[in-house]
Amino acid sequence: MIRMRRLRVNDAMRNLVRETSISKNDLVYPVFVTEGENVKNPVDSMPGIYQYSIDRFDEELDRIVKSGIPAILIFGIPEHKDEKGSEAYNDEGITQRAIRHIKEKAPNLLVIADVCLCEYTSHGHCGLVCGHEILNDETLVLLGKMAVSLAKAGADVIAPSDMMDGRVEYIRQALDENGFLNTMIMAYSAKFASGYYSPFRDAAQSAPAFGDRRTYQMDPANGKEAVRECENDIEEGADIIMVKPALAYLDVVKEMSYRTDYPIAVYNVSGEYSMVKAAAQNGWIDEKRIVMENMIAMKRAGAKIIITYHALDVVKWLEEDA
Ligand code: PBG
Ligand code: ZN
């Protein structure tokens, strides 16, 4: 008989053969910054997550820096929205001001800036709209401007999440032409049209006013196409590729981990977070145990980087168990 249980006999042996671990160095924490003063708005559908005005953000920044995680992913929520998402590429826009503030206070914290128009457009779509069509090539120009403006503000990493074709190549060129040779691109490569984003759309006030995102985000049924999206982004110059959402798409992560040596990120999105929080608040699950199991699952599938709203709790739990 092959006795598999020998390797599970006690803590020491289990520690010795454990294949996967999670560290605070794997984590990215998403944050929401809004206009105004003295604002700390709870996001109802995401317990523990708040929108902060820049002047109130320092309390959050303190916690983040103390936790020792390497990076945040920043989302700005502008007051003014229009058809072309003008605030997205305004050097004085909310996101740009927030990034300058953060880089001044915490220069060693990596700032990853989400690049997409949906938080900034009156119609809530990720690209320019003509009738009911979402224009691709015309949108690239604005994404390029947005990326350069965010890099100028101090963003270390640009993370295009719009799913327009050709955006990585376009943004890389725009960054290079403006002297931002060292600004990285973390591409939302395989981003699926998912029901798991709905709490985020409350947090970032970015729900589409008509239609849905299925002409640009991916069909959840397509794994091979997800591989093509990732490979295209690598070809176009992405430094890091991302799969989003995480847990329902770990097959894509695993497949890419076989195919590429580029770092792979996963986005453990708002809906995944809210489901865990809701069940935990009801006493139906053990939050710490479930979250840590999910983190390990993402690492085991092959992700190096985990973007998660649980990040600060995970650091706390890792320290508890150290
Ligand atoms: C913007 C964007 C979205 C998310 C990240 N960037 C929303 C969307 O595409 O509708 C979702 C993040 C989350 O659900 O936590 N395009
Ligand atoms: Zn978008």
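A residue counts as buried when its relative accessible area is under 20%. With that cut-off in hand, let's walk through this structure, which is a predicted model. Phe-75 has a relative accessible area of 2%, so this residue is buried. Phe-32 is buried too, at 1%.

A search of the whole structure turns up ten aromatic pairs. Phe-32 and Phe-75 also belong to one aromatic cluster, together with Tyr-188, Phe-200, Tyr-267, Tyr-273 and Tyr-309.

In soluble globular proteins, nonpolar side chains tend to be buried together. In this model the largest nonpolar core holds 111 residues, and those touching the most other members are Leu-27, Phe-32, Ile-64, Leu-73, Ile-74, Met-186 and Tyr-267. Helix α4 (residues 137–153) supplies the largest share of this core, with nine residues.

The charged end of Lys-191 sits over the Tyr-197 ring, 5.6 Å from the centre. Lys-244 also places its charged end over that ring, at 4.4 Å from the centre.

Now turn to the zinc ion (ligand 2). Its protein donors are the SG atoms of Cys-116, Cys-118 and Cys-126, at 2.1 to 2.3 Å. Along the sequence, these donor residues follow the spacing C-x1-C-x7-C. Cys-116 and Cys-126 both lie in the loop between β5 (110–115) and β6 (129–130), so the pair ties together parts that are ten residues apart in sequence. For comparison, the ideal angle for four tetrahedral donors is 109.5 degrees. How accessible are the cysteines here? Cys-116 is buried, with a relative accessible area of 1%; Cys-126 is buried at 1% as well, and Cys-118 is buried at 6%.

What about disulfides? The whole structure contains zero of them. Cys-130 shows one reason: its sulfur is 17 Å from the closest cysteine sulfur, that of Cys-126, which is too far for a bond. In accessibility, Cys-130 counts as partly exposed, at 47%.

Terms used: Residues are numbered from 1 along each chain as its sequence is written. Chains are lettered from A and ligands numbered from 1 in the order in which they are written. This is a predicted model: local features need pLDDT of at least 70, side-chain atom pairs count only at pLDDT 80 or more; totals for chains, interfaces and linings use all residues. Side-chain values use heavy atoms; hydrogens and water are left out. Donors are N, O and S atoms within 2.8 Å of the metal (3.2 Å for Na, K and Ca); water is not among the atoms, so sites may look incomplete. Helices (H or I, at least four residues) and strands (E, at least two) are DSSP runs, numbered from the N terminus. Buried means under 20% relative accessible area, exposed over 50%, partly exposed in between (1.4 Å probe, protein chains only). A disulfide is a pair of cysteine sulfur atoms within 2.5 Å. A nonpolar core is a set of buried Ala, Val, Leu, Ile, Met, Phe, Trp, Tyr and Cys residues joined through side-chain atoms within 4.5 Å. Rings of Phe, Tyr and Trp (its six-membered ring) pair if their centres lie within 6.5 Å; planes under 30 degrees apart count as stacked, over 60 as edge-to-face and the rest as tilted. A charge sits over a ring if NZ of Lys or CZ of Arg is within 6 Å of the ring centre and within 35 degrees of the ring normal.
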